[in-house]
Amino acid sequence: MSELTITLLRLGYLALLWVLVLFAIGVLRRDLYGTRITDRRRRKAVPAAAAASVATEPTKPEGAPARVPRSARGGSGPGRLVVTEGPLRGTIVPLGTSAVLIGRAPGCTLVLDDDYSSSRHARIFPQGGQWFVEDLGSTNGTFVADQRVEAPTPVPTGTPVRVGQSVLELQR
C-alpha cells in the first residue's frame with residue numbers, strides 16, 4: 001500500500017472516531033437535560049423542568065368554538081387532571097372538550113418523564129357527559145383503581161389512574 005492510502009485511511013478512521021464521540025455526547029446531553037418540550041401556544045422550546053410546572057392546552061384552529069368555563073357549563077364534572085404521584089406530582093392540566101393524550105412523546109398533552117410509560121401511552125377523553133380512559137397499546141398498561149384497562153373505561157372523579165409510575169386523578 002502506498003503512503004497516501006495509509007494516510008487517507010488514518011484520516012477516515014479519525015473522522016469516524018470524532019463522529020462517534022459527538023454522537024455519544026449528544027446522547028449524554030439528552031439523558032442529563034431531558035427532552036425539550038414545545039409550548040404549542042408560542043411554538044418555542046421550553047425546558048422539561050419548566051414544562052412540568054406549567055400545564056399547556058393545545059391551540060385551537062381559527063373558527064373553533066371557544067372553551068366554555070367550567071362555571072358556565074354548570075356541570076359537576078371534573079375540570080382538571082392532576083398528577084398526584086410520580087415525577088410530575090402537582091402538575092395540573094385543565095380539561096376542556098378535547099382529549100388529553102398522555103405519554104413520553106413531546107407531542108402529548110401531558111408529557112411524562114417516566115421509563116415505564118410508552119411514547120403514546122393513554123388517552124383521557126370526554127364522551128356523553130363522562131370522562132373515559134383508553135390504553136393506546138402501551139407495554140406496561142394503564143390501570144383505573146388497580147384494574148387494567150382493556151377497553152375505554154369510565155373514570156369517576158377522584159379515582160386514581162396509573163400510567164407508568166405516575167398516578168392521575170380527575171378533580172373538580
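## Exercises on a predicted model

Val-21 is partly exposed, with a relative accessible area of 37% (partly exposed lies between buried, under 20%, and exposed, over 50%, with a 1.4 Å probe and protein chains only). This is a predicted model, in which local features need pLDDT of at least 70, side-chain atom pairs count only at pLDDT 80 or more, and totals for chains, interfaces and linings use all residues. Residues are numbered from 1 along each chain as its sequence is written, and side-chain values use heavy atoms, without hydrogens and water.

**Exercise 1.** Determine the place of Val-21 and the surface patch to which Val-21 belongs.

*Solution.* Step 1: Val-21 is located in helix α1, residues 3-33 (a helix is a DSSP run of H or I of at least four residues, numbered from the N terminus).

**Exercise 2.** State where Ala-145 and Asp-146 lie, and describe the phi and the exposure of each.

*Solution.* Step 1: Ala-145 is in the loop between β9 (142-144) and β10 (147-148) (strands are DSSP runs of E of at least two residues). Asp-146 lies in the loop between β9 and β10. Step 2: most residues other than glycine have a negative phi. Ala-145, however, has a positive phi of about 50 degrees, and the phi of Asp-146 is positive, near 65 degrees. Step 3: Ala-145 counts as partly exposed at 42% relative accessibility, whereas Asp-146 is exposed, with a relative accessible area of 68%.

Conventions:
Patch = residues over 30% accessible without salt bridge, like charges linked within 9 Å, V, L, I, M, F, W, Y side chains within 5 Å. Areas by Shrake-Rupley, 256 points an atom, 1.4 Å probe, with all protein chains shown as cover. Salt bridge = Lys/Arg side-chain N within 4 Å of Asp/Glu carboxyl O.
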